[in-house]
Structures are given as C-alpha cells and as structure tokens.
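Student: Could you take me through the ligand site of this model slowly, and then through the sheet and the helices on it?

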Amino acid sequence: MSARAQIGVTGLAVMGRNLARNFARNGFTVAVHNRSYARTESLVAEHGDEGDFVPSESVADFVASLERPRKVVVMVKAGAPTDAVIDELVPLLEEGDIVLDAGNAHFPDTIRREKALAAKGLHFVGTGVSGGEEGALNGPSIMPGGTAESYESLGPILEKISAHVDGVPCCTHVGPDGAGHFVKMVHNGIEYADMQLIAEAYDLLRHGLGASASEIGDIFAEWNTGDLESFLVEITADVLRHQDAATGQAFVDIVLDQAEQKGTGRWTVQNGLDLGVPITGIAEATFARSLSGSVPQREAAAALPAHTAGWEVKDREAFVEDVRQALYASKVVAYSQGFDQIAAASAEYGWDVDRGAMARIWRGGCIIRARFLDRITEAYERDANLPLLIADEYFADAVSAGLASWRRIVAGAAQAGIPTPAFSSSLAYYDAVRAPRLPAALVQAQRDFFGAHTYRRTDRDGTFHTDWSGDRTEAEA
Ligand code: 6PG
C-alpha cells in the first residue's frame with residue numbers, strides 16, 4: 001500500500017460519503033474507509049469517476065494509505081462511536097498526525113480528546129461542519145478547532161472544499177481544542193431560534209390573514225428578496241408551497257406538530273446557563289420543541305379557556321410588514337445572544353474567538369447562512385470587543401425601525417392567544433437589557449430577607465445585610 005492519499009475519511013454514511021466526494025472533486029486523493037466495507041465499495045462504484053479514491057477494508061490499510069502527516073477525518077456518530085474509532089486509529093498513527101472529528105461532538109468531549117491525543121503527540125481537531133448533506137458535497141461551512149499548527153496543513157484543504165462567498169472561504173481556524181465544536185453548537189442553537197421565529201411568523205400570518213399555506217409561502221419568498229434573505233426563509237417558502245401527494249392538502253398541515261431534536265440546542269442552552277449568558281431566544285426555541293412533544297400535557301390543557309380578544313387585521317399589507325419587522329428584530333436578538341455566548345465561552349476557556357470571522361464563515365454553506373451575517377461581520381470590524389451586537393449602530397437602527405411593529409405583533413398575539421414564545425421573549429430581552437433599572441433590586445432584597453444573602457447599594461461600595469427579623473439595622477457584611 002503506497003502512502004499517497006492526502007486526506008482520509010472514515011465513516012461513510014451520507015455526511016462522510018459526501019465529504020469524501022467533495023475532497024475528491026476538488027482534486028485531493030482521498031483514502032476512504034467504513035466499518036462495513038460494502039459502503040466503501042458502493043461509494044467507489046457509484047462515484048469513483050469523480051476523483052481519486054483509495055479504498056481500504058481495514059483501518060491499518062486505511063492509515064497506511066495516507067501521506068504524512070496523516071490527516072484523518074472521522075465522520076461517525078457523536079459520543080461512544082467517535083471514541084471507539086479514535087481508539088482504533090491512535091495506535092496506528094505517528095507523531096504529528098491529525099485526527100479531525102467532523103461530527104456534532106459535544107465540546108467538553110472534544111477538549112478531553114484533544115488533551116489525550118496531544119499527550120501522544122497527535123493533533124485532534126474538533127471541527128464543526130454545517131450544511132447538511134448538500135453542504136458536505138458542494139461546500140459546507142467549516143469550523144475547525146485544535147492547534148494553529150494543525151490548521152497550517154489542514155486549513156488549505158478545508159478552505160478549498162468549503163463554501164465560498166465573494167471568493168472568501170467559509171472556513172477559518174476558530175481557536176484551540178473545543179472552540180470549533182463549541183461554535184458549531186452555538187450555530188445550531190441559533191438555527192433552532194431562527195427556525196422557531198420563522199414558525200411563529202408563519203403561525204401569525206396564518207391566523208391573522210386566514211391565508212393558505214402556499215399564500216404564506218409566497219410571502220416568505222418575497223421576504224427572501226430583502227433583509228431576511230437566508231437559506232431558512234428560502235426553504236420555508238418551498239415547504240409551505242409544497243402539497244402532500246397523498247391527500248392534496250398543504251404538506252405542512254399533514255406533518256405531526258411535534259418537533260424533535262438531536263441535542264445540540266439542548267447543549268447550547270445548558271452551556272448558556274453554565275456561563276450565565278441569557279440566550280433566551282435559543283432557550284425558548286428549544287423549550288418550544290419540548291412543549292410540542294409534551295403530548296399528555298397538551299391533551300390535558302386542550303379544554304382550558306382562552307378568553308381571547310380576537311385579532312381583526314384591517315390592513316393586510318401593514319400586518320405582513322409588522323410581522324416581517326418583528327421577525328427581523330427578534331432574529332437580531334437571537335444572533336446577538338448567540339454571539340454573546342461565544343464571547344463568554346471564549347473568555348472562559350481561553351479561545352480568543354474572532355466573532356466577526358465566525359459571522360463571515362457562516363455567510364455560506366451552513367444552515368443559518370443569511371444576508372445579514374455580512375452586517376454582523378461589519379459590526380465586529382467596527383469594534384472587535386463590541387459588548388452587545390444590538391448596540392452596534394447598524395443593528396440599533398434596524399431594531400429601532402421595527403420596534404413599533406414588534407410591539408404591535410407581540411401585544412396582538414397575546415390578546416389573540418397565539419403563542420409567540422420566541423418573539424415575545426426576544427422583545428422582553430430587548431426591553432430588559434436596555435432598562436436603566438431592573439426589578440433585580442427587589443430580588444436581591446428578598447434574598448437578603450430570607451437568607452441573609454446580602455446586597456450591594458447604589459450609593460456606596462461594600463456588601464450589606466439588614467437585620468430583617470430584628471431591629472432592621474444595616475451592617476456591612
Ligand atoms: C447543520 C445542521 C445539522 C443538523 C443538526 C440539527 O448545521 O448542518 O445543524 O448539524 O441539522 O443536527 O438537528 P436537530 O434539529 O435534530 O437537533
């Protein structure tokens with residue numbers, strides 16, 4: 001076996017298979033391996049003409065077919081299957097070789113694996129890959145972590161197979177150890193928020209206009225020509241216009257209304273809690289999926305009174321514009337929160353992530369690709385340490401332009417009994433974060449009352465406690 005492959009892919013389910021084809025189509029010689037050889041054979045039989053594949057039946061042959069330093073892409077299920085593949089690979093690798101995990105791994109696992117492999121002189125590069133099957137084949141957004149040294153040899157290959165926007169690759173070195181997988185996790189959290197916001201906008205339009213799904217699809221298609229232009233809005237138009245072949249009904253009407261998840265949204269919310277970052281849009285979106293699947297609770301609640309006031313839409317065009325503005329403003333909040341989380345994690349774990357660069361590599365290839373990511377990159381170019389995205393001049397103006405619409409929609413939805421958890425929590429976040437004074441003062445006072453948890457004062461430094469059960473004198477704690 002001559003060591004001639006420039007990169008190898010092990011795990012040839014649809015994502016791995018498409019990544020391998022993408023490498024081959026871009027002129028790289030690709031070693032391919034799968035636990036069951038049949039998949040490897042079928043890849044070569046069906047797509048062998050797309051480039052130079054080097055198939056191997058055993059892991060040892062697969063490793064032996066790679067040029068040094070070896071670059072092995074592992075594309076298997078997150079968790080135990082990834083560990084199993086790494087354990088099999090490691091004894092066959094030599095110092096300086098690179099193992100790239102392109103699955104949706106949980107970033108603490110990536111930190112652990114990076115440490116273990118580094119101790120053996122190997123590079124472990126936890127890499128976020130977004131764009132689904134289509135992206136893997138034609139150009140995904142790629143978020144590699146790991147050492148800067150590993151990126152020197154890996155980067156040019158990954159950049160070549162990634163999506164490109166205006167000639168710029170949607171791939172950059174994110175930061176050390178788990179940074180790549182962390183950023184991919186937040187990408188998915190934002191994806192959940194974006195999807196939920198779009199779903200709420202759809203629901204509002206359906207109730208407010210009494211329009212058909214396909215008519216609403218047309219509205220989304222129209223929105224996709226403006227500020228909201230994005231992959232998710234585009235596919236929403238497509239889905240809403242789709243008819244179910246079996247019943248002739250709107251496809252969206254025959255899909256069971258219980259949203260599932262594989263867990264990246266849940267991880268994002270858990271980490272938001274750990275770091276104390278209010279990612280309320282992502283949390284509401286994740287809980288909205290949980291609520292949709294809470295069948296016994298939904299059944300028990302079905303007969304509860306609504307006492308709604310109804311919603312009479314007099315000016316249809318103005319209503320549609322209000323929903324559009326509310327969607328845009330809520331979306332800006334969700335992204336702003338996600339970027340806050342990246343900043344907090346970057347500081348906590350010492351990653352030094354460039355948030356502008358993250359927005360840049362999300363412009364193409366990935367699920368949340370959108371026109372307005374350019375505006376986010378520009379905001380971080382204006383100020384790399386921007387404390388809050390919605391405080392950037394462009395976004396502050398954009399949100400303020402839509403504020404009246406946003407309030408009308410959230411208030412109207414509450415009156416009409418239409419649930420808009422992501423729209424309304426985003427507006428509540430906006431109002432809270434800009435408030436000069438919050439009722440958190442009362443919460444602190446209550447904590448001191450029942451638990452002597454102390455408080456700080458607005459007028460002088462120090463920590464204090466009031467003797468609530470005694471004479472109510474205050475003492476420095
Ligand atoms: C991507 C997607 C991809 C996948 C997620 C979300 O960036 O290509 O985010 O990773 O769609 O697993 O799926 P769930 O909704 O099932 O969590």
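Tutor: Happy to; we begin with the ligand and then turn to the sheet. This is a predicted model, in which local features need pLDDT of at least 70 and side-chain atom pairs count only at pLDDT 80 or more, while totals for chains, interfaces and linings use all residues. Residues are numbered from 1 along each chain as its sequence is written, and side-chain values use heavy atoms, with hydrogens and water left out.

The ligand is surrounded by 14 residues, where a residue is near if one of its heavy atoms lies within 4 Å. Ser-130, Glu-191, Tyr-192, Lys-262 and Arg-289 are the closest. By class, the shell holds two nonpolar, eight polar and four charged residues (Ala, Val, Leu, Ile, Met, Phe, Trp, Tyr, Cys and Pro count as nonpolar, Asp, Glu, Lys and Arg as charged, and the others, Gly among them, as polar). Helix H8, residues 179–209, gives the most to this shell, with five residues; helices (H or I, at least four residues) and strands (E, at least two) are DSSP runs numbered from the N terminus.

Now for the polar contacts, meaning pairs of N or O atoms within 3.5 Å. An oxygen atom of the ligand is 2.4 Å from an N or O atom in the side chain of Ser-130, and for the side chain of Lys-184 the distance from a ligand oxygen is 2.9 Å. Lys-262 takes part through its backbone, with a polar atom there 2.8 Å from a ligand oxygen. Alone, the ligand exposes 410 Å², and the protein buries 81% of that (accessible areas come from the Shrake-Rupley method with a 1.4 Å probe).

On to the sheet. Seven strands form an open sheet with mixed pairing, in the order E3-E2-E1-E4-E5-E6-E7; two strands pair if DSSP finds at least two bridges between them. E3 (52–55) and E7 (141–144) stand at the edges with a single partner strand each, so one side of each is left without a neighbour in the sheet. Strands E1 (residues 7–10) and E4 (residues 71–74) run parallel, joined by three bridges, and Val-9 has Val-73 in E4 as its bridge partner. Helix H4 (residues 80–89) packs on the sheet, touching E1, E4, E5 (98–101) and E6 (123–130), and makes about 155° with the direction of E4. Here contact means heavy atoms within 4.5 Å, and angles run from 0 to 180 degrees between N-to-C directions, with axes fitted to C-alpha atoms.

Notes: Polar contact = N/O pair within 3.5 Å; in protein donor to acceptor, adjacent residues only side chain to side chain.
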